[in-house]
Amino acid sequence: FPVWKTVEIGGKSRQELTDALQRNDILVGPWAVDMMQKASFVTQATAQATNLSITEVRDLGFTKEPWTIDVFARIKELGHHLCALDAGPHIRLAFADQLCGDYFWVAMDLISEGPRPDPRVFFIGRSDDGTRWLRGYAAKPDFRWVLDSKFVFVTGSK
């Protein structure tokens, strides 16, 4: 898969990410806020340029709606990697020119802990009115994805 974007990921604490999202007028949904407050949401201390690819589920070779675990396994089988846990907010901040109506999910380890341990991934989009947003999205391992769902992941070696 070709490199879609190279994004600096890491180098910001969870509070610095939260502040940057707010400064940039990005709507952060309640599930994304919750994800960023979890103990398992670890930020990388050092910023690193990360090559990202984006593709539809069908382009990973699926002809039927796959489960979350199958999508993530296929990304790895093809020699790519899941995104770091803090990649979602960094990608949202870096993708200021996202087209209205566009959205995609972040292929990452699932965040699930606490009293509502629904496994979640980040969901990034831009509404038709121009609002840029970062949300959390339920992604149970056995959730089925439609073939035109788009995922972003780390391409090639980390």
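This is a predicted model: local features need pLDDT of at least 70, side-chain atom pairs count only at pLDDT 80 or more; totals for chains, interfaces and linings use all residues.
Biologist: Fine. How many of the residues of α4 are buried?

Modeller: Buried means under 20% relative accessible area, exposed over 50%, and partly exposed in between (1.4 Å probe, protein chains only). α4 is mostly covered, with 7 of its 8 residues buried. They are Ala87, Gly88, Pro89, His90, Ile91, Arg92 and Leu93.

Biologist: And where is aspartate 86 found? Is it buried or exposed?

Modeller: Helices (H or I, at least four residues) and strands (E, at least two) are DSSP runs, numbered from the N terminus. Aspartate 86 sits in the loop between α3 (68–77) and α4 (87–94). It counts as buried because its relative accessible area is 0%.

Biologist: What joins the side chains of aspartate 86 and glutamine 44?

Modeller: A polar contact of 3.0 Å. That term is a pair of N or O atoms within 3.5 Å; within protein, one must be able to donate a hydrogen and the other to accept it, and residues adjacent in sequence count only if both atoms are side-chain atoms. Leaving aside neighbours within four places in sequence, aspartate 86 is in contact with Gln44 and also with Ile9, Gly10, Leu17, Phe41, Val42 and Thr43.

Biologist: Now another aspartate. What is phi of aspartate 25 near?

Modeller: Most residues other than glycine have a negative phi. Phi of aspartate 25 is near 55 degrees, a positive value in a residue other than glycine. This aspartate 25 belongs to the loop between α1 (14–23) and β2 (27–28), and it counts as exposed because its relative accessibility is 64%.

Biologist: Over at the other end, where is the place of threonine 155?

Modeller: In the segment after β7 (150–154). Threonine 155 counts as buried, since its relative accessibility is 9%. A polar atom of its side chain lies 3.5 Å from the backbone oxygen of phenylalanine 1. Not counting residues up to four places away in sequence, threonine 155 touches Phe1, Val3, Asn51, Leu52, Ser53 and His80.

Biologist: Zooming out, how many helices and strands does the secondary structure of the protein chain come to?

Modeller: There are 4 helices and 7 strands, running β-α-β-α-β-α-α-β-β-β-β from the N terminus on. As for burial, 43% of the 158 residues count as buried. Among contacts with a separation of 6 or more, residues 24 or more positions apart account for 76%.

Biologist: And what does the C-alpha trace of the protein chain span along its principal axes?

Modeller: About 40 × 35 × 35 Å. For a sense of distance inside that trace, the C-alpha atoms of leucine 93 and aspartate 118, 25 residues apart along the chain, are separated by 25 Å.

How values were computed:
Residues are numbered from 1 along each chain as its sequence is written. Side-chain values use heavy atoms; hydrogens and water are left out. Contact means heavy atoms within 4.5 Å.
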